[in-house]
Amino acid sequence: MPSWRTTLTTAGISGTRLRGDYTYAARRVLRREPAPYLALRLLAAPPLVPWLAAGLAFMNRVDDVAETGTPDQRAAALAELGTEVRRALETGESPDPLLRAYAHAVASRGLPAEWVFRFLDGAATAEAVFDGFASEAEFQAYLDAYAWPGVLVFTGLQYEGGPDAGQAAGWRRFVDAAQRVDFLADLAGDLSEGRLCIPRARLAEHSVTRADLEQARDTPAVRELLAAECGRARAALAAGQDIVDLTAPGLRAVASTMTELMGHQLTAVERAGAGALRKDVGYGFAAPLRTLARARVRGPRTAVRQ
């Protein structure tokens, strides 16, 4: 793995302030999400790493603002952030080094600003006011408004000029699977914070109440509901497997690792059953290490879909 300085040079990033901006963004990612950061550093082709680190840092910044404070505070903070982002994209300047790095990445890679503003709009209209889903249609609308553009403000930087229609559609399938797995793995924590991420219509289909889930009742109906949700997530994972082929060659090892780890996490949820209502389900320790080791052997340019 090349040093960070060499990685910046390989990506053509020069100038003391700009290199410092990218370093600042990368450090934020390392502190907040060390696993994705290490996957990028170990598995991605070095010229892509700074762009994607800046993109992930930006995605995290918006997520954090959309989830912090009261609804009014979130709305005000997102409006202020949106103004700062627009100024940074238009001028390349900002008092915030993270936004300077991200604006430079967007301009350098030619990512259409439409994805950035779709994500910011979705943060205000879908995430900041989120109170659950009534139906599958509402879940799909949430993906379109927030989760899909949120992935593309990050992963879209791998493509010169941004993703084409087929690549963008592939990431839409990927995020459908990723969000289902994430919601199932975080069921216990979300419920403790008053968030129910399984559509209410599906609770009714199985004669399960919200109280059943909040109180972690291990009943046949609850187990059937969770098994059905895992089945939907498993089908979505299968539908999104082509994302590796749609990814830039220098990022295929990362995409392969991401999909493999999602599969491991979903398996852990399936094994936990109603236990997923009592404790969030992580990746575990051994599976990520094995997955990273195999992907590292394959290398950033040669990894293929499992």
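Author: Before we start: a residue is buried if under 20% of its relative accessible area is left, exposed if over 50%, and partly exposed in between, with a 1.4 Å probe and protein chains only. The model is predicted, so local features need pLDDT of at least 70 and side-chain atom pairs pLDDT 80 or more, while totals for chains, interfaces and linings use all residues. Residues are numbered from 1 along each chain as its sequence is written, and side-chain values use heavy atoms, with hydrogens and water left out.

Reader: ok, how much of the protein is buried?

Author: Of its 306 residues, 52% count as buried.

Reader: and how many helices and strands?

Author: The protein has 16 helices and zero strands. Helices are DSSP runs of H or I with at least four residues, strands are runs of E with at least two, and numbering starts at the N terminus.

Reader: switching to α9 and α13, at what angle do they pack?

Author: About 150°, with the axes 8 Å apart; α9 covers residues 165–185 and α13 residues 220–239. Axes are lines fitted to C-alpha atoms over the stretch in contact, and angles run from 0 to 180 degrees between N-to-C directions.

Reader: so roughly parallel or roughly antiparallel?

Author: Roughly antiparallel. Under 35 degrees is roughly parallel, over 145 roughly antiparallel, 65 to 115 roughly perpendicular, and the rest oblique.

Reader: which residues of α9 meet α13?

Author: R173, D176, A177, R180, V181 and L184 in α9 meet residues of α13 including E229, C230 and R232. Contact means heavy atoms within 4.5 Å.
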